[in-house]
Amino acid sequence: MTALQWAVLRYTGFMKPTIAALTCLVSAWAMCPPAAAQAPKPAQDQPLLRGPEIPESATRTIVRHDAMGRFTRIEARPEEAALLQLDLDPGVRDAAQNIVVDRATRIGRMLVEQIDLLRESTDAQRAGNNDRVRAIMHEFHTEIDPDLQRSPLLEPLGSVLSATDHAALTRMVNDYWDAWIASEGGMRGDAMDRDPADDPRTTQIESRLNDALFQYEIGLAYQRTLRPVQERLERIYQATEPTDEQRAAIRSAVIDYVRETGLKADPARRLALARSLYEILDEERRVRLVAATIF
């Protein structure tokens, strides 16, 4: 029982009123001011130490680190990964995804059209001629991205995204590049607080990483388009065990087929390829090839 409750009981007759009781009542009243005079309590959903409101879009990120704090590279273009972080309407998301797919399709088509140059790159790599490999990759890169932008999808995506979503996308992509460059440049401590553009190594590092990212795209495009062709070639080699001369001739015939058809179905051209392979092989190896297709 509080002092106020005890004093009220005595004053209202439950206990014999006395001057002492009245004195206690007044004292209790002084110690317990009316509710209107008390300081308002903060609502539970608004704690005193709560910071300023931060828009959800400002907290989205594609920058990731492992348990040791090391930067983790994503297995995709940063623009594509950042798109997944946006809350988009289905129609807008489909339009944005079509832009991503269009780029991948253009790279795949280029590999088919430039299959001779791709073959030269493969031969140069086998010969250890890395300078020639880099030169060919640079030629491929400039054909797809003439200005060699580090984020070539940002501009076309701006045509389908709202200004707010495009700004959020751009921020996430730029943050990713800054973190990637900083990790590759060995920037630690105070260097991490500086603008990466202030570091003289930034341009060189960014160019190298841009090339690496494009080569990753080339690898994906190869897997989608020419890898199945390579697997068929390997099966022919395994079945026929051709001589070096026959092997080179078979490879050239298949490359001509890919270049002329663009990997589109062409029964007449496919029959012509089969006839070319038949003429390249000797009788024994023709039998082996037929046997491999029976079972």
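Buried means under 20% relative accessible area, exposed means over 50%, and partly exposed lies in between (1.4 Å probe, protein chains only). The legends below describe a predicted model, in which local features need pLDDT of at least 70, side-chain atom pairs count only at pLDDT 80 or more, and totals for chains, interfaces and linings use all residues. Residues are numbered from 1 along each chain as its sequence is written, and side-chain values use heavy atoms, with hydrogens and water left out.

**View 1. Glu284 and Arg288 meet in a salt bridge.** A salt bridge is a side-chain nitrogen of Lys or Arg within 4 Å of a carboxyl oxygen of Asp or Glu, and here the N to O distance is 3.8 Å. Both residues belong to helix α13 (residues 283-294), where they are 4 residues apart and therefore separated by about one helical turn; helices are DSSP runs (H or I, at least four residues), numbered from the N terminus. Glu284 is partly exposed at 48% relative accessible area, and Arg288 is also partly exposed, at 30%.

**View 2. Asp102 pairs with Arg106 in a salt bridge.** The closest N and O atoms are 3.6 Å apart, and the two residues lie about one helical turn from each other in helix α4 (residues 90-113). Asp102 is partly exposed, with 43% relative accessibility, as is Arg106, with 30%.

**View 3. Glu217 forms a salt bridge with Arg103.** Their closest N and O atoms are 2.8 Å apart, and the pair links distant parts of the chain, with Glu217 in helix α9 (residues 202-225) and Arg103 in helix α4, 114 residues apart. Glu217 is buried at 10% relative accessibility, and Arg103 is buried at 3%.
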